[in-house]
Amino acid sequence: MHFTSLLRRNEIGANSYLVEMDDQRIVLDSGMHPKEEGLDSLPAHHELPADSIDSIFVSHSHLDHSGSLPVLMRDQPNADVFMTPATSRLVDALLHNSVNVMESKRTELGITDYPFYTHRELDDHEKRWRTFNYDRPFQIGDNVRATFHDAGHILGSSGVMLETLDKRVFYTGDVQFEKQTLIPGADLPEDDIDTLIIETTRGASPRCESYSREAEEQKFADSINDCLKRGGSVLVPVFAMGKTQEVLTMINRFKQEGLIPDAPVYIGGLSTKMTIIFDEFADSTPRNQPGFRILKDMEVKTGGRRRKRAPIVYQPGGIYALSSGMMTEKTVSNNFARGFISNPKNSLLFVGYADPDSPAGHIRAGKQGDLIDLDPAQPPVQFNCPMEVFDFSGHATREDLLDYILRVNPKKTILVHGDLPATEWFAEQLKAKLPECDTIIPLPGKRYAL
């Protein structure tokens, strides 16, 4: 049994890992790096011999875990592909959108490697996807059994258990143990795990001991209410998949409980497409509000295909939950912010991570009165409106992850999906608290015996 990281560098990026056990060669996730372009955004899949992989697992639908799947499938034409039913629907929508984005970048940026795949190729690849629900074991090869477990990160997210007659390897994928607004916390196995492959995203980021989700949601509601009372509008930059649906569910509760007025809520076209999929699985996946359908049960002004090229127009007294969450150039939230952040009556409320080099990161590092470069191709915009940041992370805290590792008590722990300070924090903790465990921060391309 062996493990190899297929990342190009030790960081959060184009996540992908090779596990060899018994007679099976298995790839866990096939991501695309969100901060790189062209071939540099892909994992090191070129190091895998063509047609040498038996199975590919996709833990969840975020682009850094699924974005290069069609490229890998092209190189590995006989590999079966496994994911949960909800992940399958979300990955389909995300990858088709990715084709459109890559085609635009080929034209605008001259990246001739794009697109990596076409809409027609995606449709053909989907015929090889096989879906299984949580807690339903299935066989891969003659001697390896696999099971998906609810990872609590977003709709359909899963940890992957791989087991032979005498060994069990568990990959968490991205995990959140705490209950979110819409998605319940993770339900992961803890017994008889020999090797644990675990994410470490927040390893370098301790959370305030006084934090509670309930108090954070109340602060969020108060900020929305204050802005609407002074005659402004609220912009909440969100990721189209996951964070949009969490924010909309929160806003629905705020309205029902009278915490905010019944203000109109606006979302963009991609967010609408993803929310439709979330609603499709309202009765068949774990939910804190079973049966609640966002687009049916609350009034949302959506951007559909017919309005694809029409910008969302600012109106005072509105709530705009627009993607992308990092306000990347030429996205809906970035374009909308150009005429928004200069108005001191408005509020800009961040509900997730923002890379320091992104437009959202520039705003969060600045102060009122600064000139902000939202897009280098356009003039900067004066930042005059109030701005706040809220912690609604879909990733588990480092304390929750460490507690989970200690409960599992594996023989080997492989620390992935974290920048070096994050993985090193876990390594130091495990050295002190679980000295008998062999803890590995995997070097890209190095093959580790399990």
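Author: Rings of Phe, Tyr and Trp count as a pair if their centres lie within 6.5 Å. This is a predicted model. A search of the whole structure finds 22 aromatic pairs.

Reader: What makes phenylalanine 57 and phenylalanine 138 a stacked pair?

Author: Take the distance, then the angle. The centres are 6.2 Å apart, and the cut-off is 6.5 Å. The planes stand at 25°, and stacked means under 30 degrees. Therefore the two rings are a pair, and the pair is stacked.

Reader: Why is this pair said to tie parts of the chain together?

Author: Phenylalanine 57 lies in strand S4 (residues 55-57) and phenylalanine 138 in strand S7 (residues 138-140), so the pair links parts that are 81 residues apart in sequence. Both phenylalanine 57 and phenylalanine 138 are buried. Both also belong to one aromatic cluster, with Phe82, Phe132 and Phe148.

Reader: Why is the pair of phenylalanine 336 and phenylalanine 340 called tilted?

Author: The ring centres are 5.5 Å apart, and pairing needs them within 6.5 Å. The planes meet at 40°. Stacked needs under 30 degrees and edge-to-face over 60, so the rest is tilted. The pair of phenylalanine 336 and phenylalanine 340 is therefore tilted. Phenylalanine 336 and phenylalanine 340 are both buried.

Reader: How do you know that the charged end of arginine 364 sits over the ring of phenylalanine 350?

Author: The charged end of arginine 364 is 5.1 Å from the centre of the phenylalanine 350 ring. The limit for CZ of Arg is 6 Å, and CZ must also be within 35 degrees of the ring normal. The distance passes, and arginine 364 is listed as sitting over the ring.

Reader: Now the strands. Why is strand S19 described as largely enclosed?

Author: Five of the five residues of S19 (residues 412-416) are buried, so the rest of the structure largely encloses this strand. Buried means under 20% relative accessible area.

Reader: What covers the description of both faces of S19?

Author: Side chains in a regular strand alternate between the two faces of the sheet. In S19, Lys412, Ile414 and Val416 are on one side. Thr413 and Leu415 are on the other. All of these are buried, and both faces are covered.

Reader: How do you know that S19 pairs with strand S11 and with strand S20?

Author: Count the bridges. Pairing takes at least two. Strand S11 (residues 195-199) and S19 share five bridges and run parallel. Threonine 195 stands opposite lysine 412 there. S19 and S20 (residues 438-440) share three bridges, again in the parallel sense. Threonine 413 faces threonine 439 of S20. From S19 the chain passes through helix H12 (residues 420-433) to S20, a right-handed β-α-β crossover.

Reader: What makes strand S13 and strand S18 edge strands?

Author: The open sheet has five strands in the order S13-S14-S12-S15-S18, with parallel pairing. Strand S13 (265-266) and strand S18 (387-389) each pair on one side only. Inside the order, S12 (residues 234-237) and S14 (residues 319-322) are joined by four bridges. Valine 236 stands opposite alanine 321 of S14.

Reader: How do you know that the span of helix H7 is close to the expected one?

Author: H7 (residues 269-280) has 12 residues. At 1.5 Å a residue, the expected span is 16 Å. The helix reaches 17 Å from its first C-alpha to its last. Its buried residues include Met274, Ile277 and Phe278. The buried residues of H7 pack against helix H3 (85-109), helix H6 (243-256) and helix H8 (294-297).

Reader: Aspartate 29 or aspartate 135: which is buried and which is partly exposed?

Author: Aspartate 29 has a relative accessible area of 0%, and buried means under 20%. Therefore aspartate 29 is buried. Aspartate 135 has 49%, and exposed starts over 50%. Aspartate 135 is therefore partly exposed. Aspartate 29 has a positive phi of about 70° although it is not a glycine. For aspartate 135, phi is about 65°. Aspartate 29 is in the loop between strand S3 (24-28) and S4, and aspartate 135 is in the loop between strand S6 (129-131) and S7.

Reader: Which peptide bonds are cis?

Author: One joins tyrosine 114 and proline 115, with omega about -10°. Proline 115 is in the loop between H3 and helix H4 (119-125). Another runs from serine 323 to serine 324, with omega near 10°. Serine 324 lies in the loop between S14 and helix H9 (332-337).

Note on methods: Residues numbered from 1 in each chain as written. Predicted model: local features only at pLDDT ≥ 70, side-chain atom pairs only at ≥ 80, totals over all residues. Heavy atoms only, no water. Helix = DSSP H or I, 4+ residues; strand = E, 2+ residues; numbered from the N terminus. Expected span 1.5 Å × (residues − 1). Buried < 20%, exposed > 50% of the residue type's maximum accessible area, 1.4 Å probe, protein only. Contact = heavy atoms within 4.5 Å. Right-handed = clockwise from strand over helix to strand, strands pointing away. Phe/Tyr/Trp six-rings, centres within 6.5 Å; stacked < 30°, edge-to-face > 60°.
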